[in-house]
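Work through the exercises below with the model open beside you. Each task is followed by a solution in steps.

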Amino acid sequence: MSRDPAALAADEEPGVQAEVRRAALRQLVAGGPLAESVHIVLVTVVAAVVWNSQPVGLTLGWVGAVAAAAGLRSWWRLRATKRSLSAEEALRGVRLTVAGVGLAWGFGAAAAIPALGLDEAALILVVLAGLVAGATGTLVGDRRSFLYLLLTVLSPLPIGILLQGHSRQHVMAIVLIAMFAWGMDRVHRRAHRTFAERVRAAALLERSTQELARQHAYLDALIASTPVAIAVLDDQRVVRSVNPAFEALFGYSAAEVVGAGIDGLIVPEALRSESSELETRVRRGEVVRVELERMRKDGRRIQVRLSAAAVKAAADGALVALYEDISDRKAAEAAMREARDLAERVARARSAFLANMSHEIRTPMNAVLGFVELVLDTELAPEQRRALELVRTSSEALLTILNDILDYSKIEAEHLELEAIPFDLPKVVHATATLLAVRAREKHLELTVDVLPDVPQMVRGDPTRVRQVLMNLIGNAIKFTDQGEVDVSASVVRRDGGGATVQFRVRDTGIGISPEQLGTIFQEFTQADASMTRRYGGTGLGLAISRRLVALMGGELAVTSEVGHGSEFSFALTLPLEAAQATARATVSLGGRRLLVVDDNETNRRIVRDMLGAEGMAVHEAHRADAGLEALRRAARAGAPYDLAILDAQMPDQDGFELATAVRADRALAATRLLILTSAGQRGDGERCRQLGIQAYLTKPIARADLVEAVGTVLAGTVSAPGEADLVTRHSIAESRHALRILLAEDNPVNQQVATAMLLKRGHQVDVVSNGREAVDAVARERYDVVLMDIQMPEMDGFEATAKIRALPQGRTLPIIALTAHALSGERERCLERGMSGYLAKPFKAHDLFAVVEGRGTRPADTTAAPSPAIDLAAFRRTMEEAGAAEAVDGILETFVATMPQRLDALAAAARDAEAEPLQRAAHAFKSAAGTIGAGRLAALLEDMERAARDGDVAGACDKLEHVRGEAQATLDYLRTATKGG
């Protein structure tokens, strides 16, 4: 554990300063006896020289004063050594005694000089100079003591010299005294600095030595206490030191190890070449970590983990080796390997047994089934056919039992592995139900499937096991239901990031399960009632397997039931989302089309209504064939015939084919397109549809995408004469629709919501940015199929953004559609000249938007909607309904109302500044939002204001502000009234 030298010096500075003061005090005290003796000797010599030249009393007084000061200094020094004085107190005493001695010398000399000759005065000055020069060494530890002596000795002398005379020699003497005082001060300052630095260096060295020793002791204790064996080797692989853990691990004492070669101590002879290779790697600078075998003193081999590295700071090539005993771990691993091997052998034997049993049973069963099918295709007597049908059904039941037992065995042995592949989830649900539709029809049950529109199409998981669970649940529902319906549904309960949690439900109107039996139905070889096995058959494994499979997929199978009213089984699976694959789109917009659904089952009618209503169709219903025929005739008489009629093939009294025959027999209904939905197709149905002029024939349950595509295809075609119909079936529909990734660059929140709602409902993915700069960044960062670019935006307009996108490698061929509220002649050409691929005027209709985005249909007209009296709210709702986004209308209107004050404030601010460009931008943005929701008069006023600002007529534009305010308030009042405050 080392410390930073700078931090260490900072922490030690107060202690170092104290050490310097103590050293100075020791130096001052140590030089005291010699200085005191010198003072006595010198004052005696001086007295002898001047004894005859001045009054004896003055001489004796001078000698007495110096002797008394020196004696006082000696007394204080002896007293200070006996008492524990602080450094400050001791220094204060030294300074006072030094000042006393200096005063005695200085004032004595100043009093003696006037009575002496120049030669005698010069001799006294030389003595005093010697005293001061000597003090630079004896008082080197304290600057203040020296200064006290310098001042007290030399400052009185000029007075005595001037009293002797005022000649040039006297003046020169005073100057020389001053120069001498200055020089001695400089000498002492340097000497004191040298003394302090020397003491400081010695103190720091001592403290560094102590810190180094402490660190060495800490490291030694750390190495000694570590539980890992450590050995330090020199360049000859001789052990220099070891810790106690090394002694405990290998059984040697430190005395036995130090100085001996490591190979001879712990390395088995067969492994010494490997040990040398490891050392070579370490010497090259590599840190080696290996698991190997080493030998104890008693000869026992142990497994250790060796970690070795070179000691880079060592000049003698030392390296350190750490040995960790892993014998217990190796023993545990060996035991685990043995247990795993045993389990694998058992599992292999079990799997082999199951495979052999499967093969031995399936081989003859397949032969039986194959030959039964062949025989059934021949001419048979009724009794023979019944017998063979019994053989076939019994064989199929036996194979089902065999499959259940094999699956259960795999689950029990934990050998069942789940796949993780992309699959079409709605298609799996519908295909599974379709397989069981015939069984439901045989029992006269209605099998319905409701996959909500928000269920993701492509997910990742195990479609086989999802299908198996659904097959079991739907099969059980059909088995235990004698009348009514079986409803299969899928819906999204949560969507987060790259996954969605889908809830599956299978509901029936069957016999139900009592509360007492609900706790046992998921147990192996168990059914709700022992009598059920006799009545309904089965092994009782189906639900047990389904529950295990659902658990393996991360869900939980649950059931609610009421005796006599049916049951509902449900489970939820969280499935990762896959990128949507290309899916077919309807060839025409369905918005505004009129549809009649004729079906005796209310659930079926509701499913069709929800599926096609979401596409903007006006769906009407009839629960019987005769009611449906009357509805068709009534609509034709009213001049609003239905575009399409969807007929259920199986209805009481009169089925769908009979209803289709009646429709085709009525000339007034000849233009009506027909689509048949059937629960179980029969041989010859397709030809029958062609003969009746039916355009489409689909089996239930039908996937929403398939139904939408079929309806769009039928509506795009022409009404065919009987026998010439090009029949649309499930197999003639494209399996997937093309979902586009679209970038919408639009600064207006209302327009953002309108376009986003339309496109999302259409199945596209939409990213929204608010200005051209963000659009350029988004294209550079992500890959898009289409860009919808508003022309007028802050920071960077649509034209500049288009130019920058075209400069990007991925933007050269990217379709960029201009969105603009300008419907002026030549606007489209201007957009195309600036590098855009297409043009769409705002406000736009849903089918116009879809046409330009999906690259089909005619180019939308460059016209704007005619203004309505205040706001044509009905037209706006129809537009959103065509896009299938009617639910977004209220939110868009709320956004328009909430942002209106800010838009008016922006207009007012631009008008106050009297600047044309901000005024034009504010009017354009407000106009675009108003036109989108159908506020025609307000949009027209804003168009006038925008045009005036664009032409430079700022005053004319400002004059229209009050008219805009009034119309905006009228629009706001109308919205509040029409939506009751919403």
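Buried means under 20% relative accessible area, exposed over 50%, and partly exposed in between (1.4 Å probe, protein chains only). The model is predicted: local features need pLDDT of at least 70, side-chain atom pairs count only at pLDDT 80 or more, and totals for chains, interfaces and linings use all residues. Residues are numbered from 1 along each chain as its sequence is written, and side-chain values use heavy atoms, with hydrogens and water left out.

**Exercise 1.** Find what Lys330 forms with Glu291, and state how far apart the closest N and O atoms are.

Solution. 
- A salt bridge is a side-chain nitrogen of Lys or Arg within 4 Å of a carboxyl oxygen of Asp or Glu.
- Lys330 and Glu291 form a salt bridge, with the closest N and O atoms 2.8 Å apart.
- Lys330 lies in helix H13 (residues 327-376) and Glu291 in strand S3 (residues 288-295), so the pair ties together parts that are 39 residues apart in sequence.
- Helices (H or I, at least four residues) and strands (E, at least two) are DSSP runs, numbered from the N terminus.
- Lys330 is partly exposed at 26% relative accessibility, and Glu291 is partly exposed at 37%.
- The structure holds 39 salt bridges.

**Exercise 2.** Classify Glu485 as buried or exposed, and give the distance in its salt bridge with Arg507.

Solution. 
- The closest N and O atoms of Glu485 and Arg507 are 3.0 Å apart.
- With a relative accessible area of 12%, Glu485 is buried.
- Arg507 has 27% and is partly exposed.

**Exercise 3.** Locate Arg633 and Asp666 in the chain, and classify Asp666 as buried or exposed.

Solution. 
- The two side chains meet in a salt bridge of 2.8 Å, N to O.
- Arg633 is in helix H21 (residues 625-637), while Asp666 is in the loop between H22 and strand S16 (673-678), 33 residues apart.
- Asp666 counts as buried at 17% relative accessibility.
- Arg633 is partly exposed, with a relative accessible area of 31%.

**Exercise 4.** At what angle do helix H22 and helix H23 pack?

Solution. 
- Axes are lines fitted to C-alpha atoms, for helices over the stretch in contact, and angles run from 0 to 180 degrees between N-to-C directions.
- Helix H22 (residues 656-665) and helix H23 (residues 685-692) pack at about 15°, and their axes are 10 Å apart.
- Angles under 35 degrees count as roughly parallel, over 145 as roughly antiparallel, 65 to 115 as roughly perpendicular and the rest as oblique.
- H22 and H23 are therefore roughly parallel to each other.

**Exercise 5.** What value does phi of His444 take, and where does His444 lie?

Solution. 
- Most residues other than glycine have a negative phi.
- Phi of His444 is near 60°, a positive value in a residue other than glycine.
- His444 lies in the loop between H15 and strand S7 (446-451).
- Its relative accessible area is 66%, so His444 is exposed.
- Glu795 is not a glycine either, and has a positive phi of about 70°.
- Glu795 lies in the loop between strand S20 (786-790) and H27, and counts as exposed at 59% relative accessibility.

**Exercise 6.** How far apart are Leu436 and Met471 in sequence and in space?

Solution. 
- Leu436 and Met471 are 35 residues apart in sequence and 7.8 Å apart in space, C-alpha to C-alpha.
- Leu436 is found in helix H15 (residues 425-442).
- Leu436 is buried, with a relative accessible area of 3%.
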